[in-house]
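Please examine the structure shown below.

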Amino acid sequence: MAEIVARLGVIGGTGLYRMDGLADIEEREIMTPFGPPSGPITLGTLGDERVAFLARHGRGHRLSPTRVPYRSNLWALKSLGVERVIAVSAVGSLREELAPLDLVVPDQLFDRTTDRARTFFDADAGCVAHVSLADPFCLATSAALHAAASAPGIGARVHRGGTYICIEGPQFSTRGESRVFREWGMDIIGMTGMPEARLAREAELCYAMLALVTDYDVWREEEEPVTVQIVVERLHRNAAAARETLRALIPRLAAIGGCTCRAALQDAIVTDPAVIPSKARERLDLLLGRYLA
Ligand SMILES: [Zn+2]
């Protein structure tokens, strides 16, 4: 079992490259079987909780959504003892009622990515596992995150539920795509929720998302099409709400109800343990150790 350095992990997306207000800061460079994560992990104390923070796109925003090393990022957090991950993500809105500067805690994901490693159980894993993704976000953690975002003083409108469609990018959508996504019933659009959620589930991490709405994508005829300038300017304004939400989440962590995320692999491994090579077991010991003892 991993040494428990921090139980709460935060992955900061565009606009949230560091976490203010952390005490006793320490940085860790971590190597994983899948290469290094996006950057060093910052450990710090928020309230009375040790938090592990990782900037998804790396320092200075060097990594495109396609190039983010998602597997290394989730692995690195897991190796620090993290049990729960809050992903902070900038999104476009596909619904009139989800306005720029609102916050959304989505409950579903739709994956349209095409060019990313999406599983820890790759060709070198030596075994096959099929985890459930029916509810890709941890429902209990999402409920607590929504409650925290709704706390007095956060100052942003918060929505619970909704489907996040993840596109490959790095370009924004065409108007045609955006209109079709709306017809499909999608609510918000981003470029990083997948495979992050898939990998969190395989790593038996509770995963919930705080989505920061920056724009109306390109479907709304009366609106200027989304640009990087629009996204960045609005993110500066609601990154503060994201930080306050994380702060308000800390005292709620202890009361979070039960979930099945932390036993996601329990009945998911279909390979006969007798045929899993020892080298493969060693490589994925952080995930499989407790099942292949
Ligand atoms: Zn969970």
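His-61 counts as partly exposed because 15 C-beta neighbours lie inside 10 Å of it; a residue is called buried if 20 or more other C-beta atoms lie within 10 Å of its own, exposed if 12 or fewer, and partly exposed in between, with C-beta atoms placed from the backbone. The model is a predicted one, in which local features need pLDDT of at least 70 and side-chain atom pairs count only at pLDDT 80 or more, while totals for chains, interfaces and linings use all residues. Residues are numbered from 1 along each chain as its sequence is written.

His-61 is found in the loop between β4 (49–55) and α1; helices (H or I, at least four residues) and strands (E, at least two) are DSSP runs, numbered from the N terminus. Although His-61 is not a glycine, its phi is positive, about 50°. Leu-101, in the loop between β5 and β6, is another residue other than glycine with a positive phi, near 80°. Leu-101 also counts as partly exposed, with 15 C-beta neighbours inside 10 Å.

Lys-279 lies in helix α6 (residues 278–283) and counts as exposed, with 9 C-beta neighbours inside 10 Å. From C-alpha to C-alpha, Lys-279 and His-61 are 35 Å apart in space, and 218 residues separate them in sequence. Glu-29, in the loop between β2 (23–28) and β3 (41–46), is exposed with 10 other C-beta atoms within 10 Å. The C-alpha atoms of Glu-29 and Ala-76 are separated by 9.1 Å, whereas the two residues are 47 residues apart along the chain.

The packing of helices comes next. Two packed helices are described by the angle between their axes and the distance between the axes. Helix α1 (residues 70–79) and helix α4 (residues 193–202) have axes that come within 9 Å and cross at roughly 40°; axes are lines fitted to C-alpha atoms, for helices over the stretch in contact, and angles run from 0 to 180 degrees between N-to-C directions. The two helices α1 and α4 are therefore oblique to each other, given that angles under 35 degrees count as roughly parallel, over 145 as roughly antiparallel, 65 to 115 as roughly perpendicular and the rest as oblique. The crossing of α1 past α4 is right-handed; a crossing has this hand if the near helix is turned clockwise from the far one by less than a right angle, and is left-handed if anticlockwise.

At this crossing, Tyr-70, Arg-71 and Leu-74 of α1 meet Pro-195, Glu-196, Leu-199 and Ala-200 of α4, where contact requires C-beta atoms, placed from the backbone, within 7 Å. By class, this contact of α1 with α4 holds five nonpolar, no polar and two charged residues; Ala, Val, Leu, Ile, Met, Phe, Trp, Tyr, Cys and Pro count as nonpolar, Asp, Glu, Lys and Arg as charged, and the others, Gly among them, as polar.

Helix α4 is largely enclosed by the rest of the structure, because 10 of its 10 residues are buried. Among them are the charged residues Glu-196, Arg-198, Arg-201 and Glu-202. Pro-195 has its place in helix α4, and the peptide bond from Met-194 to Pro-195 is cis, with omega near 10°. After α4 comes Glu-204, whose phi is positive, near 60°. A cis peptide bond also joins Gly-169 and Pro-170, with omega about 0°; Pro-170 lies in the loop between β9 (163–167) and α3 (175–183).

Helix α2 (residues 139–149) packs against helix α5 (residues 228–249) at an angle of about 120°, with the axes 8 Å apart. The crossing of α2 and α5 is right-handed. Ala-144, Leu-145, Ala-148 and Ala-149 in α2 meet Thr-245, Ala-248 and Leu-249 in α5. This contact of α2 with α5 comprises six nonpolar residues, one polar and no charged. Buried residues of α2 include Thr-141, Ser-142 and His-146, and the cover over the buried residues of α2 includes β5 (84–93), β6 (103–105), β8 (158–160), β11 and α5.

In soluble globular proteins, nonpolar side chains tend to be buried together. The largest nonpolar core here has 86 residues, and Val-85, Tyr-207, Leu-210 and Ala-211 have the most contacts inside it. Strand β11 (residues 206–215) provides the largest share of this core, eight residues. A nonpolar core is a set of buried Ala, Val, Leu, Ile, Met, Phe, Trp, Tyr and Cys residues joined through C-beta atoms within 7 Å. Leaving aside neighbours within four places in sequence, Tyr-207 is in contact with Val-85, Ala-87, Phe-137, Cys-138, Ala-197, Ala-200 and Arg-201.

Definitions and conventions
Two residues are in contact if their C-beta atoms, placed from the backbone, lie within 7 Å.
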